[in-house]
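Hi everyone, thanks for coming.

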Amino acid sequence: MRHRDEFDDDDEPYVIIEKRGGSAGSFLWGLAIGAGIALLFAPDSGEETRRRIGQGARRAKDTAQDAAGELRDNVTDKYEHARQAVEERIESARQAIEMKKAQATEAIRAGREAAQQARDELERRISETKAAYKAGADVARRNRPLAAATETNDDDVDSSGT
């Protein structure tokens with residue numbers, strides 16, 4: 001490790017950097033001092049200097065007002081353009097929603113109609129099946145006494161040996 005005395009013997013220069021942040025106060029002090037020096041060395045009289053400073057201030061004020069007006073107009077134009085674009089997108093979305101709503105309503109109507117047709121068809125088939133069952137049952141009931149009589153006669157014939 002090197003000691004402080006060893007650094008003093010080096011022929012190499014070294015730089016010390018101090019970090020300090022500037023502040024608005026330092027800027028304002030410098031501005032005030034600069035303005036004071038400018039007034040001291042001004043070639044014109046005090047009245048003439050004040051008149052020029054007043055004219056310069058009025059020009060700066062007018063320039064600032066013009067810039068503010070242009071900025072306001074620019075911001076207003078951009079706002080109106082953005083508002084119009086958003087309104088167009090909202091209207092487009094509303095139209096899309098209305099179209100989807102109409103499509104959904106139509107699909108529901110068609111589904112209900114198809115369900116009603118299927119129900120009517122099923123009820124018709126059930127009625128036909130019931131009618132066929134009833135007709136078959138009626139035929140079976142009518143044929144039962146004849147079948148019983150025929151069986152009795154067949155039994156009589158078999159028992160007589162014929």
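Before we start, one term: a salt bridge here means a side-chain nitrogen of Lys or Arg within 4 Å of a carboxyl oxygen of Asp or Glu. Also, keep in mind that this is a predicted model.

Okay, the overall picture. The chain has 3 helices and 0 strands, so its elements read α-α-α from the N terminus on. Out of 162 residues, 2% count as buried.

Now, salt bridges: the structure holds 10 of them. Take Arg125 and Glu121, whose closest N and O atoms are 3.1 Å apart. Both sit in helix α3, 4 residues apart, about one turn of the helix. Arg125 counts as exposed because its relative accessibility is 52%, and the cut-off for exposed is over 50%. Glu121, at 29%, counts as partly exposed.

Elsewhere, Arg83 and Glu80 form a salt bridge at 2.5 Å, N to O. These two are 3 residues apart in helix α3, which means about one helical turn lies between them. Arg109 and Glu106 also pair up, at 2.4 Å.

What about the surface patches? Asp62, Asp66, Glu70, Asp73 and Asp77 make a negative one. Asp77 belongs to helix α3, residues 46-160, and is exposed at 54% relative accessibility. Then there's a nonpolar patch of about 670 Å², made by Trp29, Ile33, Ile37, Leu40 and Phe41. Of these, Ile33 lies in helix α2, residues 24-40.

Notes
Residues are numbered from 1 along each chain as its sequence is written. This is a predicted model: local features need pLDDT of at least 70, side-chain atom pairs count only at pLDDT 80 or more; totals for chains, interfaces and linings use all residues. Side-chain values use heavy atoms; hydrogens and water are left out. Patches are made of residues with over 30% relative accessible area and no salt bridge: like charges are joined within 9 Å, nonpolar side chains (Val, Leu, Ile, Met, Phe, Trp, Tyr) within 5 Å. Accessible areas come from the Shrake-Rupley method with a 1.4 Å probe; for residues, only the protein chains shown count as cover. Lys and Arg count as positive and Asp and Glu as negative; His and the chain ends are not counted. The place of a charge is taken as NZ of Lys, CZ of Arg, CG of Asp or CD of Glu. Buried means under 20% relative accessible area, exposed over 50%, partly exposed in between (1.4 Å probe, protein chains only).
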